[in-house]
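This briefing is intended for a reader who is meeting the structure for the first time. Please view the sequence and the model together before reading the notes below.

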Amino acid sequence: MVTFLLSLVALVLGYFVYGRIVERVFAPDNRPTPAVSMADGVDYVVLPGWKIFMIQFLNIAGTGPIFGAIMGAKFGPSAYLWIVFGCIFAGAVHDYLSGMLSVRNGGAGLPEIVGLYLGKRTKKVMLVFSVFLLLMVGAVFVYSPALILGKLCSDSLTWVYIWCVIIFGYYFLATMLPIDKIIGRIYPIFAVAMLFMAVALMVVLFVKWPSLPELTDGLDNMNPKMGTIFPCLFITIACGAISGFHATQSPLMARCVKSERQGRPLFYGAMITEGVVALIWATVSSYFFYGGAAAELGVPATLQAPEVVTTVSQGWLGAFGGALAILGVVAAPITSGDTALRSARLIIAEFLHIEQHSIRKRIYICIPVFAFTLALLWYNIADSDGFNIIWNYFGWANQTLTIFTLWAITVYLTRKHKPYWITLIPAMFMTAICLAFLLVSDTSFGLPTITGQIAAVAAFLISGILFALWRKKEMMKDKQ
């Protein structure tokens, strides 16, 4: 618990200290934001700051900081280091700067931002890559909450299918309607439920103060079946540390902020909050797997992540508290899924130059988007291993998206003569991680771990050298 307490303090200090440094690097000012200058009553709508924070938090959360942290905790105390350092120096920086670049560029989506700084060809790659990722999110985040809700109703699969239909119907409405009609009204309620869950579980942890694996015990992998710490831990825990999906969501709120100065609490702060949630669930899971909580609750320590959530929430918080906690867990993926499909609609519309004020033109884009998502959902349900396959591809694609975003921001900072190192180092690190995972993962090349690790070191060094050469050319252009 000492490691948990120190990690919690570090995240809070990270927001106030490093978050302020990153804010000063970007230098927000008083220029009109897209929500003011481009207001359309559909996607560009000024919302109160507290409401934007709640929506952004739920948009980026999903099941990632919960399920990812639960699975990541199996690696041992090293999970704490990745959550803390990944969140402060990579994830929150990634979210803040991608969100603020969207604000500065008329609420542009991620492919547009990447295209501005990495070129038109990269923009086209990003368009396909990001839309496919968002559709996978929509499919996965229908099925995972439907499973939890279905099991609460009955053991029959029929209820799972019923909940899939209900959630998918909600997705359609939330994607089509103006952002302040559904998302702006119900997200704060869901956010309260999720934050209640996190705070309540943290209070229980402090009351119990269990004996857990600490950083002082070493960083050995406590569950080799999960894979090696490098690179598998850094893919397993994504949303609680850094996640490319977030950069697809930030433009939604970039179209709703009234002032650039709201950026740090809304974008950087939401990511730190998500890191706190991941930290809490990692600690809860460490207690469950290695501290005896499973035995206390009368269940085996081999339960899967969704079962751990349900068992711990009901066992520790009682009927009412458990129900509210589970509501928060269920709401998180649903609220990420609907905004994922909304982002897909906006990205496609932006690329095809189709205005979205007209509901008829919104339907034009929504029909193929939802048709493809339905196909993925059907595969998810029909194939017994469909969920795991889609989730594995989502995990890798999600972290690969961070590479494009971080390199684009690094180019922006370099051209603006700002301290580019704040994103250069995370960009080089994530390039190394994603390459290593692609090489060693059983779902791709399945090469020996040492091969992936050597390739990671090479990728880190080569990407840094290539950046240095590119920067030298940029400096020569400036002098001419």
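**Briefing on the predicted model**

Arg 31 and Glu 260 are joined through their side chains by a salt bridge, with an N to O distance of 3.8 Å. Arg 31 belongs to the loop between H2 and H3 and Glu 260 to the loop between helix H12 (245-254) and H13, so this pair ties together parts that lie 229 residues apart in sequence. The model is a predicted one.

**Salt bridges**

- In total, the structure holds 11 salt bridges.
- Glu 260 counts as buried because its relative accessibility is 1%, which is under 20%.
- Another salt bridge connects Arg 104 with Asp 29, and its closest N and O atoms are 3.5 Å apart. This pair links distant parts of the chain, since Arg 104 sits in helix H6 and Asp 29 in the loop between helix H2 (18-26) and helix H3 (34-37), 75 residues apart.
- Arg 104 is partly exposed, at a relative accessible area of 23%, and Asp 29 is likewise partly exposed, with 23% relative accessibility.
- Glu 112 and Lys 123 also meet in a salt bridge through their side chains, at 2.9 Å from N to O. Glu 112 is in helix H7 (residues 110-118) and Lys 123 in helix H8 (residues 120-153), 11 residues apart, and the pair is among those that link distant parts of the chain.
- Lys 123 has 19% relative accessibility and therefore counts as buried, the limit being under 20%.
- Through shared partners, salt bridges bring Asp 29, Arg 31, Arg 104 and Glu 260 into one network.

**The nonpolar surface patch**

- A nonpolar patch on the surface is formed by Val 2, Leu 5, Leu 6, Val 9, Val 12, Leu 13, Phe 16, Val 17, Ile 21, Phe 206 and Trp 209. Together these residues have about 990 Å² of accessible area.
- Helix H1 (residues 2-16) supplies the largest share of this patch, with 7 residues.
- Leu 13, one of the patch residues, is found in helix H1. Leu 13 is partly exposed, as its relative accessible area is 48%.

**The cavity**

- Rolling a probe the size of a water molecule over the atoms shows where empty space is left.
- The count comes to 1 cavity of 30 Å³ or more, and the largest cavity holds about 40 Å³ of space.
- The lining of the largest cavity consists of Ala 73, Gly 76, Pro 77, Ala 79, Tyr 80, Pro 213, Ala 282 and Ser 286. Helix H6 (78-104) and helix H13 (263-290) are the elements that give two or more residues to this lining.
- By class, the lining of the largest cavity has 6 nonpolar and 2 polar residues, and no charged ones.

**The second largest pocket**

- The second largest pocket has a volume of about 280 Å³.
- Its lining comprises 17 residues, and Trp 82, Phe 85, Gly 86, Phe 89 and Phe 429 are those nearest the centre of the pocket.
- Two or more lining residues come from each of H6, helix H11 (229-236) and helix H18 (421-440). The largest share, 7 residues, belongs to H6.
- The lining of this pocket divides into 15 nonpolar and 2 polar residues, with no charged residue.

**Burial**

- Helix H11 is largely enclosed by the rest of the structure, because 6 of its 8 residues are buried. The buried residues of H11 are Ile 229, Pro 231, Cys 232, Leu 233, Phe 234 and Ile 235.
- Ala 69 is located in helix H5 (residues 64-72) and counts as buried, at 1% relative accessibility.
- Between the C-alpha atoms of Ala 69 and Val 165 there is a separation of 28 Å, and the two residues are 96 residues apart along the chain.

Note on methods:
Residues numbered from 1 in each chain as written. Predicted model: local features only at pLDDT ≥ 70, side-chain atom pairs only at ≥ 80, totals over all residues. Heavy atoms only, no water. Patch = residues over 30% accessible without salt bridge, like charges linked within 9 Å, V, L, I, M, F, W, Y side chains within 5 Å. Areas by Shrake-Rupley, 256 points an atom, 1.4 Å probe, with all protein chains shown as cover. Salt bridge = Lys/Arg side-chain N within 4 Å of Asp/Glu carboxyl O. Helix = DSSP H or I, 4+ residues; strand = E, 2+ residues; numbered from the N terminus. Buried < 20%, exposed > 50% of the residue type's maximum accessible area, 1.4 Å probe, protein only. 1 Å grid on protein atoms, 1.4 Å probe; cavity = no way out; pocket = protein on both sides within 12 Å on 5 of 7 lines; lining within 4 Å. Points joined across faces, edges and corners; volume = space filled by probe spheres on them. Nonpolar A, V, L, I, M, F, W, Y, C, P; charged D, E, K, R; others polar.
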